[in-house]
Amino acid sequence: MRVLRTGRAALLIECDAPTDVPAWYRSLLQRRATGALHADEIVPAAQTVLLDGVTDPARVAAELRTLRITPAAELDPTAAGLVEIPTVYDGPDLDDVARLWHTDRAGVLAVHTGTLFTVAFCGFAPGFAYLTGLPERYHVPRRDSPRPRLAAGTVALAGEFGAVYPNASPGGWQCIGHTEIRLFDLDADPPTLLVPGTRVRFVPQAVR
Amino acid sequence: MTATLEVVRAGVRSTIQDLGRVGLAHLGVPRAGALDAGALRLANRLVGNPEDAAGLEVTLGGCVLRPSKAVTLAVTGAGCAVWVDDRPASWALPVAVPAGAKVRIERATTGLRAYVAVGGGIAVPPVLGSRATDTLSGLGPPQVQDGDVLPLGTPLGPPPGVDLAPYPALPDELTVGIRLGPRDDWFTTEAIETLCTASYAVSTLTDRVGARLIGPPLTRAVTRELPSEGVVLGAVQVPANGQPLIFLADHPTTGGYPVVAVVEPEALGGIAQARPGTALRFRVVDR
């Protein structure tokens, strides 16, 4: 683990492995809740956790270097919530993904609904959650050219990640289905269902 | 009846801004808020508002406003002539505007973004704790248009008596303090030397997301792809073309290009006011 200074008031914690990120994230949230850490933002990402709005970054950096965190493997996986996302598998890239996975449409559905995903981090847009958990042999490239508009609720894959587009936006991910569930709601607290650490399972839904 | 502010003419690009949404970056929600936060804070103080009240950010000036009730108003940031009906009024000082009078803010002669605060603040409904328009994600109120009628809040009390509000002049060439890192080790020694000595120019492709710079490209020492990581306000990110860009208030919460340095917070106002073509140099304040 390395702690990198990021401007006057921020620190970037670079984890040894992506699997350490959830453990660091949870540990830092706990420290903030108990008052041991002051930070305006705690932002997990692929291999890092960013602390922003830190009052005394030099002291915090020194503390973090001595901190022992509970390894991800020892964390209680049920401590984070589980969100089920009813999904209709009717995306325009379903056949392309089936070909890449050497299977058919039913095979894509079986793998996708059989995977327990975890929200690794959010980014790109409010409520856009990067979901990890897909075995490496199912990682797929982005499309060669992005689509100008994907509807809210589009269920998609790219690289090692799965995602559900919370709002309509352009996107280069492989679209395999859609959900009617509302992921981003400004009147809810928090406004998104898929906060970092949340476990996610896609549940097949027939077209009504 | 509550007071309103009619936007008779909105200007080229005007948005409602306060000090933004902090604390939601982990959900992918950008901070937004006034790009020249110091100018908005000053405008708010001049009219007796809390510093974080919502006002207008008017790019290049050139707007006309009409309050339904008598209000106190202040214009700061970019240098603009201010008129109340046919009378000249002060810039960066409280201006008493009678009910129904037209406030004309002319095109900016210096700087890029003028801030207009009105006693009581602009009282559109907050979204996730802020009234700021976020041009990246679309959160917050839409861009202000001709004919909009904006609700105003209730003033806390009379505005302060002020005869002079010191405000730094905008320099012709910006010197921007930076701290290297977190990814300065992803660049060659020559690239870091270039960053710290070369003169850059602010590009015309500058917006609320970031100030793009034109100048000698920065060469990477590490060429592998950077996994997405959290970025901060003022981060100097170097995309594939090697031309640095300084992230401003509407920046994405994570990014996949290395951040070579971060701008000191005091320098952000000057960058927000730098017109395309303005020369800019970086100076390392802490290694």
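**Notes on the domains and the A–B contact**

1. Chain A splits into domain 1 (2–74) and domain 2 (78–204), with bounds that come from an automatic or database domain assignment. Keep in mind that this is a predicted model, where local features need pLDDT of at least 70, side-chain atom pairs count only at pLDDT 80 or more, and totals for chains, interfaces and linings use all residues. Residues are numbered from 1 along each chain as its sequence is written, while chains are lettered from A and ligands numbered from 1 in the order in which they are written.

2. How far apart do the C-alpha centres of the two domains of chain A lie? The distance is 27 Å. Across the boundary, 7 residues of domain 1 of chain A are in contact with 5 residues of domain 2 of chain A (contact: C-beta atoms, placed from the backbone, lie within 7 Å).

3. On the domain 1 side of that contact in chain A, helix 1 (residues 21–33) of chain A gives the largest share, 4 residues. Helices here are DSSP runs of H or I, at least four residues, and strands are runs of E, at least two, numbered from the N terminus. This side of domain 1 of chain A has 6 nonpolar residues, no polar ones and 1 charged. For these classes, Ala, Val, Leu, Ile, Met, Phe, Trp, Tyr, Cys and Pro count as nonpolar, Asp, Glu, Lys and Arg as charged, and the others, Gly among them, as polar.

4. Now for the other chain: the contact takes 33 residues from chain A and 26 residues from chain B. On the chain A side, strand 3 of chain A gives the most, with 4 residues. The chain A residues touching chain B divide into 20 nonpolar, 8 polar and 5 charged.

5. Strand 3 of chain A also runs antiparallel to strand 4 of chain A, joined by 4 bridges (strands pair if DSSP finds at least two bridges between them). A hairpin links strand 3 of chain A to strand 4 of chain A through 3 residues.

Methods
Contact = placed C-beta atoms within 7 Å.
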